[in-house]
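Visitor: I would like to learn how to read a structure with a ligand in it. Could you take me through a few features, one at a time?

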Amino acid sequence: MVKLIGRNKTNIAVFISGVGSNLKSIANHFDKDKNINISLVISNNSKAPGLLYAKKYKIKKKVVNYRIKSNAEKIILKTLKNNKIDLICLAGFMKILSKNFIKKFKKPILNIHPSLLPKFKGLNTHKRVLKAKEKFSGCTVHIVTPSLDSGKIISQKKIKINKNDNFFTLQKRILKFEHALYPKTIKKFVANL
Ligand code: GRF
């Protein structure tokens, strides 16, 4: 268990840019948790459908304009500090956090990526996996470092690719496993902080 002086819950900020289905599963999973509080949602996109989950689960939200990245990161760092955030979970956040941001935040940052890292880092994962005729794919939760999708792997779920899988079926099937893997990994990770 995490022992935090003066309070007993670990505050988590979830960063999103789009649909937010991982945010939904995380918020739902920890809604009544004794040790974990999903206390902030950050988005670079004011139109992200996922922001609706912040409303649904009564989580504070902050939309940050990313036109000037260094300014955006300054605002985010201040918001994280004001909300006493202990852990960031990236969930479909389409901006790369700078080395300076990661250094200044000082606390851990997790990300979920829809491939079996270290294979298929970066964007358009499922398309590249199918094109490469891989037999397996999956999803990975890893520590965020300045090098894209390259930090320490914390957990992974491997699935078999079906002969008739296409982009949509593969994305859908893997997302379902992401929704189970991410909360489970967060729980374990926080317990070991
Ligand atoms: C997920 O596939 C996640 O692995 C990747 O971006 C997608 C986000 O989906 N990083 P959602 O917004 O959580 O539905």
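Guide: Let us begin with a polar contact, which is a pair of N or O atoms within 3.5 Å; here an oxygen atom of the ligand is 2.7 Å from an N or O atom in the side chain of E178. The model is a predicted one, in which local features need pLDDT of at least 70 and side-chain atom pairs count only at pLDDT 80 or more, while totals for chains, interfaces and linings use all residues. Residues are numbered from 1 along each chain as its sequence is written, and side-chain values use heavy atoms, with hydrogens and water left out.

Visitor: Which residues surround the ligand?

Guide: A residue is near a molecule if one of its heavy atoms lies within 4 Å of it, and the residues around this ligand are V19, G20, S21, N22, G92, I112, H113, P114 and E178. They divide into three nonpolar, five polar and one charged, where Ala, Val, Leu, Ile, Met, Phe, Trp, Tyr, Cys and Pro count as nonpolar, Asp, Glu, Lys and Arg as charged, and the others, Gly among them, as polar.

Visitor: And what should I look for in the backbone?

Guide: Most residues other than glycine have a negative phi, and most peptide bonds are trans. In this model the peptide bond from L117 to P118 is cis, with omega near 10°, and P118 lies in the loop between β5 and α5 (125–131); helices (H or I, at least four residues) and strands (E, at least two) are DSSP runs, numbered from the N terminus.

Visitor: What is the phi of K84, and where does K84 lie?

Guide: Phi of K84 is near 50°, a positive value in a residue other than glycine, and K84 lies in the loop between α3 (69–82) and β4 (87–90).

Visitor: Why does K84 count as partly exposed, and why does K106 count as exposed?

Guide: Buried means under 20% relative accessible area, exposed over 50%, and partly exposed in between (1.4 Å probe, protein chains only). K84 counts as partly exposed because its relative accessibility is 49%, whereas K106 counts as exposed because its relative accessibility is 73%.

Technical notes: Polar contact = N/O pair within 3.5 Å; in protein donor to acceptor, adjacent residues only side chain to side chain.
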